[in-house]
There are 2 protein chains.
Amino acid sequence: MLVGTGSATEYRGKYGYPAKPDVTAGKVEAGIFDCIVIPGGFAPDFLRRYPEAIGLIREANTAGKVVASICHGAWAAISAGVVRGKRMTCFSAIKDDVVNAGAIYSDAEVVVDGNLVSSRKPDDLPAFALAIISALTR
Amino acid sequence: MLVGTGSATEYRGKYGYPAKPDVTAGKVEAGIFDCIVIPGGFAPDFLRRYPEAIGLIREANTAGKVVASICHGAWAAISAGVVRGKRMTCFSAIKDDVVNAGAIYSDAEVVVDGNLVSSRKPDDLPAFALAIISALTR
């Protein structure tokens, strides 16, 4: 399920692939999800401007749901306040933001710390997806 | 003088205005500048990937030069390690990164703390420019 911010009826990925949001962040409860995946690119810079979207990530984390971020997705996890004291990774450019947010950074294709799953970049997607599935089935 | 990272021979602004770098960050000393202005947009996300560019900002700050950032430019100032304990502002989306970096954030059109001058967004440019001139002439 694609959760939107309410600001657009369609999103386009890096290569133009279109995706329509199924629901708006402010109109859905974290309880219905098993996992929230925060994608990368510059979208997280916009995502973190929406308190409802950031609140959903925070609530999902509080409820022990799997919270996964890749690349710049860590920015939204930072703003949701779910990374402090956690081991994680992110796109190299935002390492300073992750460390300043109190996370313990590793340069690894995927890092799992409890319910938090994180990867660095598109090349890490296979490991990222497997770690999410593993976290959801343990 | 426009300092480039060495990765491009021309940069284009938000509205397509072209600008050619006069010099590359790794080939210039902070001592020749009176002030470094870090522009906004997503460029700072790239800028902070270049140790020479970040090093130049750090050296300019250490030498007491005026360091000015606007919008997302604060990311580069964060990575240069020049914001901790300083009063500053930035584009609202990256407020969390600025606070996590140890700066004291204010929602004001311009904030001056010693040699650090910062603004939030393009609308603040008149106040930003005046504050930079004032810092350079005091």
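The buried residues of helix H2 of chain A are covered by elements that include strand S1 (3–4), strand S5 (35–38), helix H1 (43–47), strand S6 (66–70) and helix H3 (74–79) of chain A, where helices (H or I, at least four residues) and strands (E, at least two) are DSSP runs numbered from the N terminus, and where two residues are in contact if their C-beta atoms, placed from the backbone, lie within 7 Å. The model is a predicted one, in which local features need pLDDT of at least 70 and side-chain atom pairs count only at pLDDT 80 or more, whereas totals for chains, interfaces and linings use all residues. Residues are numbered from 1 along each chain as its sequence is written, and chains are lettered from A and ligands numbered from 1 in the order in which they are written.

The residues of H2(A) that are buried are A:Ala53, A:Ile54, A:Leu56, A:Ile57, A:Ala60 and A:Asn61; a residue is buried if 20 or more other C-beta atoms lie within 10 Å of its own, exposed if 12 or fewer, and partly exposed in between, with C-beta atoms placed from the backbone. Seen down the axis of H2(A), these buried residues fall within an arc of 155 degrees, so they line one face of the helix, the arc being that of the directions from the helix axis to the C-beta atoms. An α-helix has 3.6 residues a turn, so residues three or four places apart point the same way. On the face of H2(A) turned away from the buried side are the exposed residues A:Pro51 and A:Thr62. The 12 residues of this helix (residues 51–62) should span 16 Å at 1.5 Å a residue, which agrees with the 16 Å between its end C-alpha atoms; the expected span is 1.5 Å times one less than the number of residues. H2(A) is followed by A:Gly64, which has a positive phi, near 80 degrees.

A corresponding description applies to helix H5 of chain A (residues 125–137), whose 13 residues should span 18 Å at 1.5 Å a residue, in agreement with the 18 Å that separates its end C-alpha atoms. The buried residues of H5(A) are A:Phe128, A:Ala131 and A:Ile132, and they cover an arc of only 100 degrees around the axis, which puts them on the same side of H5(A). The cover over these buried residues includes S5, S6, strand S9 (110–113) and strand S10 (116–119) of chain A, whereas the face of H5(A) turned away from the buried side carries the exposed residues A:Pro126, A:Leu130 and A:Thr137.

Taken as a whole, chain A has 5 helices and 10 strands. The radius of gyration of chain A is 14 Å, close to the 14 Å that the globule rule gives for 138 residues, so chain A is as compact as a globular protein of that length; the radius is taken over C-alpha atoms, and the rule is 2.2 Å times the number of residues to the power 0.38. Along the principal axes, the C-alpha atoms of chain A fill a box of roughly 35 × 35 × 30 Å. Of the 138 residues of chain A, 40% count as buried, and among contacts between residues at least 6 apart in sequence, 50% join residues at least 24 apart.

Most residues other than glycine have a negative phi. B:Cys71, in the loop between strand S6 (66–70) and H3 of chain B, has a positive phi near 55 degrees and, with 27 C-beta neighbours inside 10 Å, counts as buried.

In the interface, 12 residues of chain B are in contact with 12 residues of chain A. The elements giving two or more residues to the side of chain B that touches chain A are helix H3 (74–79) and helix H4 (95–100) of chain B, with the largest share, 3 residues, coming from H4(B). The residues on this side of chain B divide into 4 nonpolar, 3 polar and 5 charged, where Ala, Val, Leu, Ile, Met, Phe, Trp, Tyr, Cys and Pro count as nonpolar, Asp, Glu, Lys and Arg as charged, and the others, Gly among them, as polar.
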